[in-house]
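Work through the exercises below with the sequence and the 3D structure in view. Each task is followed by its solution.

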Amino acid sequence: MSSTKPLESKLHVNWLHGAPAKHVKAEIKAKFYTTNTGFKTYPKYVFNDPTRTFNTEETTIFEGKVNAEGIANINKKINVGSNAPGMLNVSFLTRAFENGGDFSIDAFSKQYAPFKSFVGLKSPKGRAYGSFYTDENQVFDVVVVNAQGKPVERKNLEVKVYKINWRWWWSSSYDNLSSYQSSSYRTPFLSTKINTNAKGETKF
């Protein structure tokens, strides 16, 4: 699933004995939440942006009645996750209601790509506690892939590195980096532009 294509599917509702549940009320709700899942072809790259926060969002995909064959066609454009840190997980909850008010439930999950492409960063191997020496050059690997994990050639990627002035060197948690990114406690250290090759790869 991705933000570039509408969700197209069919909802089938049958009674336990197999006959179509004619004209019963049904609903499908989707809940989106963050995941640390990257791309299997680039296991050592981080594709999530730690400076972004995303609150779980819920949306209604379908609400209405199925037809005489117990079927409803689903065609819905989904736009969530404009501030997503990366790939999202989405859980679908389907409920079909009997005339007496009881209902049956079906649930399943999928991945949802809120962007057309994703930038992955692979840091060099650190020393103690994952630290780097400031008097040595450090080389970072970058890759750009599409929602299917295929490499993308991209021009003029912006790279910005900041020094966070007052955080202790042994602090390794993300603890809301967005506040540091926008505060007066960070100093620009490097600003440049880079291009990926046909394999979607580059370094800085």
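Y129 is exposed, with a relative accessible area of 73%; exposed means over 50%, buried under 20%, and partly exposed in between, with a 1.4 Å probe and protein chains only. This is a predicted model, in which local features need pLDDT of at least 70, side-chain atom pairs count only at pLDDT 80 or more, and totals for chains, interfaces and linings use all residues. Residues are numbered from 1 along each chain as its sequence is written, and side-chain values use heavy atoms, without hydrogens and water.

**Exercise 1.** Locate Y129 and describe its phi.

Step 1: Y129 lies in the loop between β7 (117–122) and β8 (141–146); strands are DSSP runs of E, at least two residues, numbered from the N terminus.
Step 2: Its phi is positive, about 60°, although Y129 is not a glycine.

**Exercise 2.** Which residues touch the most other members of the largest nonpolar core?

Step 1: A nonpolar core is a set of buried Ala, Val, Leu, Ile, Met, Phe, Trp, Tyr and Cys residues joined through side-chain atoms within 4.5 Å.
Step 2: The largest has 23 residues, and L11, F32 and I61 touch the most other members.
Step 3: At least two residues of this core come from each of β1, β2, β3 (57–65), β4 (71–76) and β5 (88–97).
Step 4: A second, separate core of ten residues includes Y42, Y45, V145 and A147.

Note on methods:
Helices (H or I, at least four residues) and strands (E, at least two) are DSSP runs, numbered from the N terminus.
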